[in-house]
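Visitor: Hi, I'm new to this one and would like someone to walk me through it. Could we start with the contacts between side chains?

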Amino acid sequence: MTGPVRPSLASLPATFDLVVVGAGITGAGVFREAVRAGARVLLVDAGDYAGGTSAWSSKLVHGGLRYLKQGQWRLTRESVQERDRLLAEAGGLVEPLSFVMPLYRGRPPGRLTMQAGLWIYDRMAGRHQSGFWSAAEAADREPALTHPDLIGAMHYQDAVTDDARLVLRLIFDAVADGGDARNYTRAAIRRDAGRVVGVCLTDVDTGETRDIQAAVTVLAVGHAATVADGAPRLRPLRGSHLVFPAQRLPVRQALSWMHPQDQRPVFAIPWLGSVVVGTTDLDHVADGTPPRMSAAEADYLLAGLRAAIPARRLSLADATASFAGVRPVVDRGKADPSAESRESALWSVPGLVGATGGKLTTFRRTARQILTQLAHQLPGLSLSSEPRLFDGAAPVASQRNLYGRLGPAAAGRLLQDTPGDERATVGPTPFTWAELRWAARHEQVVRLEDLMLRRTRLGLLLADGGAAELPRILAIAAQELGWDADACEQARITYLRHWHQCHDPRAVK
């Protein structure tokens, strides 16, 4: 397999102010903020950008309504504030999402309990966004709610995102502003006289190595931080989800209800033209393979669906895909995994700051906390201001999501350079053929999985992982990445094997 032409590690400068190890949402956030603060920064990841937990979240940018029940007031308040900032500053990428929580006769929670919680939630946001619908109103506004025991529904507001594209937008905006980023580049910490002084990089494909000197290193490797010096004890928790075609699960807005088995909240949310159903929350034991949904988790989610929407009679055969991610939760000894706090944890040793835990929604706060610690060792950092996360908006509403995913400069160039036949969407998804070509040309695609599962989400949205569309997709890869016929065929085989193992709902065991 010839693969794309990747720059040699020798092309990197030998010295940086800051090296960030780990390109999930926390690492990407630190990278973006540090570049804007005037530092010379390198971001590296042993896999692809957003290749771990940050591509497999629940897709929600939310305040965490259930955290109120657990007494995590500060986390909820911060999450609500960050949700609203992202809605204001990342339009087209982070979008408002209406939630409906049906209430059933004889089942918790009761109306008064929910009204009290949502009143607090609204107060934290500084505006009234929630309310109650009668059973008739709820069924009229959300026809999927046909359960005979329905007595009404609460409604409120949160937000939704394409998590992988959020990470990628942060990274490529920072690169455009002068940062350096390398995926598929393993980093080993280098020490001198007990102090971390940088990293030794290894290209995972070529084996090329290079030593990099750095004033400070940030370790943002999620649940892998368990093995890092000084890291807190982690409790990796697996969250699994099913993806259904909108035709099989037609919901107008997000639904959230309590699972009859354990009273945990589960949901069905419209996402990129499909519907995501989740989530589980189980202790995860790493076995060296990517996380995947278990049969017990699939049964749990399907039982939850049958409890709330019995008329649909959904099964695994109806699902387009499944996915699972591992949350790096700090272990505080709770008996119930769902009761563990989602707050981030920071630690430091000379020359290194580590971070783990945290929520997708609050990534910017975590990044700013890390930079505040870094400022003690990098006095040149300019932290006096906190500018908007993203600038610019789509010139026309129909291009809002494209501009959100790529940013104004990239989206404008894509539209200017796109031939007419590539402006069409790929099947029933919002992604166009032009975006596939753009990603292959400009977004450091190395493997077909990068293109199908993160640069776009076609592997989750199309039947059979998009197998029927692969000939045209591979033709684009051949043109943009230099793959010959053998390379394309190997990429197809490897991708479909990976998809079957990790995302095929029919293969759940």
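Guide: Gladly, and one term comes first: a salt bridge here is a side-chain nitrogen of Lys or Arg within 4 Å of a carboxyl oxygen of Asp or Glu. Please keep in mind that this is a predicted model.

Visitor: Okay, so which residue does Asp84 form a salt bridge with?
Guide: Asp84 pairs with Arg127, and the closest N and O atoms of the two are 3.2 Å apart. The pair links distant parts of the chain, since Asp84 sits in helix 3 while Arg127 belongs to the loop between helix 4 and strand 5, 43 residues apart.

Visitor: Is Asp84 buried or exposed?
Guide: Asp84 counts as buried, because its relative accessibility is 16% and the cut-off for buried is under 20%. Arg127, with a relative accessible area of 38%, is partly exposed.

Visitor: How many salt bridges are there in the whole structure?
Guide: A search of the whole structure finds 39 of them. One of these joins the side chains of Glu82 and Arg365, with 3.3 Å from N to O. Glu82 lies in helix 3 and Arg365 in helix 8, so this pair ties together parts that are 283 residues apart in sequence.

Visitor: And how accessible are Glu82 and Arg365?
Guide: Glu82 is buried, with a relative accessible area of 2%, whereas Arg365 is partly exposed at 27% relative accessibility.

Visitor: Where does Arg447 come in?
Guide: Arg447 forms a salt bridge with Asp205, and their closest N and O atoms are 2.9 Å apart. Arg447 is in the loop between helix 11 and helix 12, and Asp205 is in the loop between strand 9 and strand 10, with 242 residues separating the two in the chain. Arg447 has a relative accessible area of 26% and is partly exposed, and Asp205 is partly exposed as well, at 41%.

Visitor: Which residues do salt bridges that share partners join into one network?
Guide: That network is made up of Arg74, Glu78, Glu82, Arg85, Glu89, Arg364, Arg365 and Glu386.

Visitor: Changing topic, at what angle do helix 10 and helix 11 pack?
Guide: Helix 10, residues 408–417, and helix 11, residues 433–442, pack at about 120 degrees, with their axes 11 Å apart. They are therefore oblique to each other, and their crossing is right-handed.

Visitor: Which residues meet there, between helix 10 and helix 11?
Guide: From helix 10, Ala410, Arg413 and Leu414 meet Ala434, Glu435, Trp438 and His442 of helix 11. The residues of this contact divide into 4 nonpolar, 1 polar and 2 charged.

Note on methods
Residues are numbered from 1 along each chain as its sequence is written. This is a predicted model: local features need pLDDT of at least 70, side-chain atom pairs count only at pLDDT 80 or more; totals for chains, interfaces and linings use all residues. Side-chain values use heavy atoms; hydrogens and water are left out. Axes are lines fitted to C-alpha atoms, for helices over the stretch in contact, and angles run from 0 to 180 degrees between N-to-C directions. Helices (H or I, at least four residues) and strands (E, at least two) are DSSP runs, numbered from the N terminus. Angles under 35 degrees count as roughly parallel, over 145 as roughly antiparallel, 65 to 115 as roughly perpendicular and the rest as oblique. A crossing is left-handed if the near helix is turned anticlockwise from the far one by less than a right angle, and right-handed if clockwise. Contact means heavy atoms within 4.5 Å. Ala, Val, Leu, Ile, Met, Phe, Trp, Tyr, Cys and Pro count as nonpolar, Asp, Glu, Lys and Arg as charged, and the others, Gly among them, as polar. Buried means under 20% relative accessible area, exposed over 50%, partly exposed in between (1.4 Å probe, protein chains only).
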